[in-house]
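Subject: Structure handover

Hello,

I am passing on the structure we talked about. Please open it and keep it in view while you read the notes below.

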Amino acid sequence: MNTVHHMLLFGCRIPASTSSSWDCGKNGICKDESSVMYAWARNAPHPELPKDVGFKVGQRSGLPYFVLQIHYGDIGAFGDHHRDCSGLTLTMTTKPQPFIAGIYLLMSVDTVILPGKKVTNADVACDYTSYPIYPFAFRTHTHQLGKVVSGYRVRDGKWTLIGRQSPQLPQAFYPTTKNLNIKYGDTVAARCVFTGEGRTTKTYIGSTSNDEMCNFYIMYYMDRKHSEPYMSCVEPGSKELFKHIPAEANVPIPV
Ligand code: IYT
Ligand code: CU
Ligand code: CU
């Protein structure tokens, strides 16, 4: 904890390098398809998978490689040149688990934050058209301008919170607020609240720390028989839908 700032575990189709470790800032993480499978960040909880739940891994899983990204906060601890032993412990089994874990990523691809503008909402929403999923953890991600990110299930017009968090707190997976499922016919929606204060130019979605991102990750489990481990939503959602988002989505979280 005094050394590592965060760790992210990715599933990759093809890793960015064939070495056993490399600089991911320079070379990237995966060559093409990738998904976040786990996140740890300073002082944050690190939920374990519920009983009877596992990620499907290996050659036939679609993402046969793991890549672990370790972001070092303070490298002062290596002044004595000791070997690093930071990492994650994975529990593996060949026994089929009744439920398969997966990640649903909601992200905005077109948000523009105007300089000086106090509030910009980035909204994302999709109709859910697959077998039921059971969310148990969520993670938010923005860069510096993000204030609060909230995710919801909308069923028959009723908004139920999956989770809300400040992206300025450690960006780990946090347990969901309450147990709920998402099933065919529901809408999954997320809002990121940004501020353009302190900027003198427009801010776009992009990968540098001067750009922004709006991500809401849902970690869920699903019956193994019809599991779909990776899903995503990049649709902006309708103005009409977001008229009804609970007011809490725009209430900042103290950091
Ligand atoms: C443009 C954007 O929002 N990128 C995000 C989400 C993302 C993650 C993965 C998009 C794609 C991916 O394959 I994995 I396409 C993003 O890059 N998020 C960062 C990490 O790179 C995972 C984050 O910390 O959530
Ligand atoms: Cu970090
Ligand atoms: Cu980012």
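The notes below go through the ligand site, the strands and the nonpolar core. Keep in mind that this is a predicted model.

Ligand site

The residues around ligand 1 are Leu8, Phe10, Ser34, Ser35, Val36, Met107, His141, Ile205, Met213 and Asn215. Two elements, β1 (4-12) and β2 (34-41), each give two or more residues to this shell. The largest share comes from β2, with three residues. By type, the shell has six nonpolar residues and four polar ones, and no charged residue.

Strands

β1 and β2 also belong to an open sheet of three strands, in the order β2-β1-β4 and with antiparallel pairing. The edges are β2 and β4 (65-72); each has a single partner strand, so one side of each has no neighbour in the sheet. On average, neighbouring strands of this sheet are turned by 20° against each other, direction ignored. As background, strands of a sheet pair through backbone hydrogen bonds, in either a parallel or an antiparallel way.

Within this sheet, the antiparallel pairing of β1 and β2 runs over seven bridges. To find the pair in the viewer, look for cysteine 12, which stands opposite serine 34 in β2. Serine 34 is also one of the residues around ligand 1.

A second pair to look at is β9 (residues 146-155) with β10 (residues 158-165), which is antiparallel over seven bridges. Here valine 149 stands opposite glutamine 165 in β10. β9 and β10 form a hairpin with two residues between the strands, and aspartate 156 in this hairpin takes a positive phi near 50°.

Nonpolar core

In soluble globular proteins, nonpolar side chains tend to be buried together. Which residues touch the most other members of the largest nonpolar core? They are Phe138, Val188 and Met219, in a core of 48 residues. At least two residues of this core come from each of β1, β2, β5 (99-107), β7 (120-127), β8 (134-141), β9, β12 (187-194) and β14 (215-223). Of these, β14 gives the most, with seven residues. The core draws at least three residues from each of domain 1 (4-80) and domain 2 (101-250).

Regards

Notes. Residues are numbered from 1 along each chain as its sequence is written. Chains are lettered from A and ligands numbered from 1 in the order in which they are written. This is a predicted model: local features need pLDDT of at least 70, side-chain atom pairs count only at pLDDT 80 or more; totals for chains, interfaces and linings use all residues. A residue is near a molecule or strand if its C-beta atom, placed from the backbone, lies within 6 Å of it. Helices (H or I, at least four residues) and strands (E, at least two) are DSSP runs, numbered from the N terminus. Ala, Val, Leu, Ile, Met, Phe, Trp, Tyr, Cys and Pro count as nonpolar, Asp, Glu, Lys and Arg as charged, and the others, Gly among them, as polar. Two strands pair if DSSP finds at least two bridges between them. Axes are lines fitted to C-alpha atoms, for helices over the stretch in contact, and angles run from 0 to 180 degrees between N-to-C directions. A nonpolar core is a set of buried Ala, Val, Leu, Ile, Met, Phe, Trp, Tyr and Cys residues joined through C-beta atoms within 7 Å. A residue is buried if 20 or more other C-beta atoms lie within 10 Å of its own, exposed if 12 or fewer, and partly exposed in between; C-beta atoms are placed from the backbone. Domain bounds come from an automatic or database domain assignment.
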